[in-house]
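Here is a short briefing to read alongside the model.

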Amino acid sequence: MMTKYEMIIYWSEEDQAYIAEVPELAGCMADGNSYQEAVRNAEQVIAEWIETAVELGRPIPEPKGRLLYA
């Protein structure tokens with residue numbers, strides 16, 4: 001699955017894992033032992049986040065896309 005939501009991926013020394021945060025979806029984050037695993041897990045969590053929002057009748061933010069810098 002390919003996602004259009006922004007992901008922020010970084011190494012967490014405390015967790016000894018890569019963390020993938022999805023800032024456009026409140027509380028949406030995942031981890032993994034590798035960068036690729038963190039991205040795969042985040043894509044799964046995004047799908048679950050959206051599925052849950054639909055079930056609860058909550059709005060789903062549109063992906064903002066690429067940030068523009070001056």
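Among contacts in the chain between residues at least 6 apart in sequence, 29% join residues at least 24 apart; contact here means heavy atoms within 4.5 Å. Please keep in mind that this is a predicted model, in which local features need pLDDT of at least 70 and side-chain atom pairs count only at pLDDT 80 or more, while totals for chains, interfaces and linings use all residues. Residues are numbered from 1 along each chain as its sequence is written, and side-chain values use heavy atoms, with hydrogens and water left out.

**Overall layout**

- The chain has one helix and three strands, where helices (H or I, at least four residues) and strands (E, at least two) are DSSP runs numbered from the N terminus.
- Read from the N terminus on, the elements follow the pattern β-β-β-α.
- Along the principal axes, the C-alpha atoms fill a box of roughly 35 × 35 × 20 Å.
- The accessible surface of the chain is about 5,300 Å², and 52% of this belongs to carbon and sulfur atoms; the areas come from the Shrake-Rupley method with a 1.4 Å probe, and for residues only the protein chains shown count as cover.
- Of the 70 residues in the chain, 26% are buried; buried means under 20% relative accessible area, exposed over 50%, and partly exposed in between (1.4 Å probe, protein chains only).

**The sheet**

- Strands of a sheet pair through backbone hydrogen bonds, either parallel or antiparallel.
- In this model, three strands make an open sheet with the order 1-2-3 and antiparallel pairing; two strands pair if DSSP finds at least two bridges between them.
- Strand 1 (8-12) and strand 3 are the edge strands, each pairing on one side only.
- From one strand to the next, the twist averages 25°; axes are lines fitted to C-alpha atoms, for helices over the stretch in contact, and angles run from 0 to 180 degrees between N-to-C directions.
- Helix 1 (residues 35-56) packs on the sheet and touches strand 1, strand 2 and strand 3, with its direction at about 150° to that of strand 3.

**Strand by strand**

- Strand 1 and strand 2 run antiparallel and are joined by five bridges.
- These two strands form a hairpin with four residues between them, and Gln16 in the turn has a positive phi of about 55°.
- Strand 2 (residues 17-21) also pairs with strand 3 in the antiparallel sense, over four bridges.
- Ile19 in strand 2 has Tyr10 opposite it, and Ile19 also stands opposite Asp31 in strand 3.
- Ala20 has Ala30 in strand 3 as its bridge partner.

**The nonpolar core**

- Ten residues form the largest nonpolar core: Tyr5, Met7, Ala20, Val22, Leu25, Cys28, Ala30, Ala38, Ala42 and Ile46. Such a core is a set of buried Ala, Val, Leu, Ile, Met, Phe, Trp, Tyr and Cys residues joined through side-chain atoms within 4.5 Å.
- Helix 1 gives the most to this core, with three residues.
- Leaving out residues up to four places away in sequence, Val22 touches Tyr5, Glu6, Met7, Cys28 and Ile46.

**Aromatic pairs**

- A search of the whole structure finds two aromatic pairs. Rings of Phe, Tyr and Trp (its six-membered ring) pair if their centres lie within 6.5 Å; planes under 30 degrees apart count as stacked, over 60 as edge-to-face and the rest as tilted.
- Trp11 and Tyr18 make an edge-to-face pair, 5.0 Å centre to centre with 70° between the planes.
- Tyr18 and Tyr35 also pair edge-to-face, at 6.2 Å centre to centre and 80° between the planes.
- This second pair links distant parts of the chain, with Tyr18 in strand 2 and Tyr35 in helix 1, 17 residues apart.
- Trp11 is partly exposed at 38% relative accessible area, Tyr18 is partly exposed at 26%, and Tyr35 is partly exposed at 42%.

- Trp49 is found in helix 1 and counts as partly exposed because its relative accessibility is 23%.
- Not counting residues up to four places away in sequence, Trp49 touches Leu25, Ala26, Cys28, Pro59 and Pro61.
- Glu55 is found in helix 1 too, and at 60% relative accessibility Glu55 counts as exposed.
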